[in-house]
Protein chains: 2
Amino acid sequence: MKLNRSTDMALRIAMLTAASPGRTTVDELAVQLALPRNHVAKVVQRLQRLGVLVTIRGRAGGVVFAEEATALTVGAMVRAFEGDDEVVDCDRPACPLRPACRLRGELRRAQDAFLGVLDQVRLGDLVAGSAGPVLLTLGGRPL
Amino acid sequence: MKLNRSTDMALRIAMLTAASPGRTTVDELAVQLALPRNHVAKVVQRLQRLGVLVTIRGRAGGVVFAEEATALTVGAMVRAFEGDDEVVDCDRPACPLRPACRLRGELRRAQDAFLGVLDQVRLGDLVAGSAGPVLLTLGGRPL
């Protein structure tokens, strides 16, 4: 069972930018997180649309973690990036067992439990206390 | 978030064979479930090793759902097929944030909650009452 790669990247980017007091750029994030620059750029765009990152224009431009996003939960982030997909594809291609399948409902309940745990965790919690400053010392180059 | 295709197939095969009073074959399962025969064959082998399916030899040979497997849980099946993998790959490639990451623990807790729900569901529950007989009427050819 795996989260989409973009969800994973979004969580890493959110965590790192939440820990950082200043602005950062796509290039810096790609180095810090050791991730492909073009993937980082796409995920940063989605995070901007979601209001997790705010654009700073000008020569010293880049993105900064939005203060309000501290209260956003990991569950909300995962829902936003994963969409409404179920953990198995019953419809593409169509599974002949669907009309009498009890498994689908149980898998949905399990998925709800998974997200329920993450609904209790705010992005701010991930960088509270000592975690935030330590995060900034990691990776290829400090933010 | 998706289960591996083989896990999904294993659950479908378990559900269908659990509903069936008689023996079946890989060919029949592939038709019934509208799944590729070679994938079905591999998953059936794993289900035999796990003791979910029992081999019947001879001209009218095939496989049959093992009576004891009725008590096996969906959670145990998912653990057996998915292994110990986490929902994100922190190590391949290595994520620089690992030393100060609080997300990993939360994702593990969420995964435990997911599996915890499925640990409450036995394979026998999926085919109890009317579900089993209805399952057998579905798909390309009745078992």
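## Where two chains meet

Buried area is the accessible area, found with a 1.4 Å probe, that two parts lose on being put together, summed over both. Between chain A and chain B, this area comes to about 4,500 Å², and carbon and sulfur atoms give 70% of it. On the side of chain A, the residues that lose the most area to chain B are Met1(A), Lys2(A) and Leu97(A), which together account for 18% of what that side buries.

Before going further, here is how to read this model. It is a predicted model, in which local features need pLDDT of at least 70 and side-chain atom pairs count only at pLDDT 80 or more, while totals for chains, interfaces and linings use all residues. Residues are numbered from 1 along each chain as its sequence is written, chains are lettered from A and ligands numbered from 1 in the order in which they are written, and side-chain values use heavy atoms, with hydrogens and water left out.

## Who takes part in the contact

How many residues does the contact take from chain A and from chain B? Chain A gives 47 residues and chain B gives 47 residues, where contact means heavy atoms within 4.5 Å.

Across the interface of chain A and chain B, the rule finds 13 residue pairs in polar contact, with both residues at pLDDT 80 or more. Among the elements that give two or more residues to the side of chain A that touches chain B are helix H1 (5-19), helix H4 (74-82) and helix H5 (103-118) of chain A. H5(A) gives the most to that side, with ten residues. The residues of that side divide into 32 nonpolar, four polar and eleven charged. Here Ala, Val, Leu, Ile, Met, Phe, Trp, Tyr, Cys and Pro count as nonpolar, Asp, Glu, Lys and Arg as charged, and the others, Gly among them, as polar.

## The layout of chain A

Chain A has seven helices and two strands. Helices (H or I, at least four residues) and strands (E, at least two) are DSSP runs, numbered from the N terminus. Along the sequence, the pattern of chain A reads α-α-α-β-β-α-α-α-α, and the C-alpha trace spans about 60 × 30 × 25 Å along its principal axes.

Of the 143 residues in chain A, 48% are buried. Buried means under 20% relative accessible area, exposed over 50%, and partly exposed in between (1.4 Å probe, protein chains only). Among contacts in chain A between residues at least 6 apart in sequence, 67% join residues at least 24 apart.

## Two buried residues

Is Thr24(A) buried or exposed? Thr24(A) counts as buried because its relative accessibility is 1%. You will find Thr24(A) in the loop between H1 and H2 of chain A, where its side chain makes a polar contact with the side chain of Glu28(A) (3.1 Å).

Over in chain B, Leu29(B) lies in helix H2 (residues 26-33). Leu29(B) has a relative accessible area of 0%, so this residue is buried. Leaving out residues up to four places away in sequence, Leu29(B) touches Ile13(B), Leu16(B), Thr17(B), Thr24(B), Val40(B) and Val44(B).

## Salt bridges

A salt bridge is a side-chain nitrogen of Lys or Arg within 4 Å of a carboxyl oxygen of Asp or Glu. Over all chains, the count by this rule comes to 24 salt bridges. Two salt bridges are found across the interface of chain A and chain B. Lys2(A) forms a salt bridge with Asp85(B), with the closest N and O atoms 3.9 Å apart.

Within chain A, the side chains of Arg37(A) and Asp27(A) meet in a salt bridge (2.4 Å, N to O). Arg37(A) lies in helix H3 (residues 37-49) of chain A and Asp27(A) in helix H2 of chain A, so this pair ties together parts that are ten residues apart in sequence. Arg37(A) counts as partly exposed, at 46% relative accessibility, and Asp27(A) is partly exposed too, with a relative accessible area of 42%. A network of salt bridges links Glu86(A), Asp91(A), Arg98(A) and Arg104(A).

Terms used:
A polar contact is a pair of N or O atoms within 3.5 Å; within protein, one must be able to donate a hydrogen and the other to accept it, and residues adjacent in sequence count only if both atoms are side-chain atoms.
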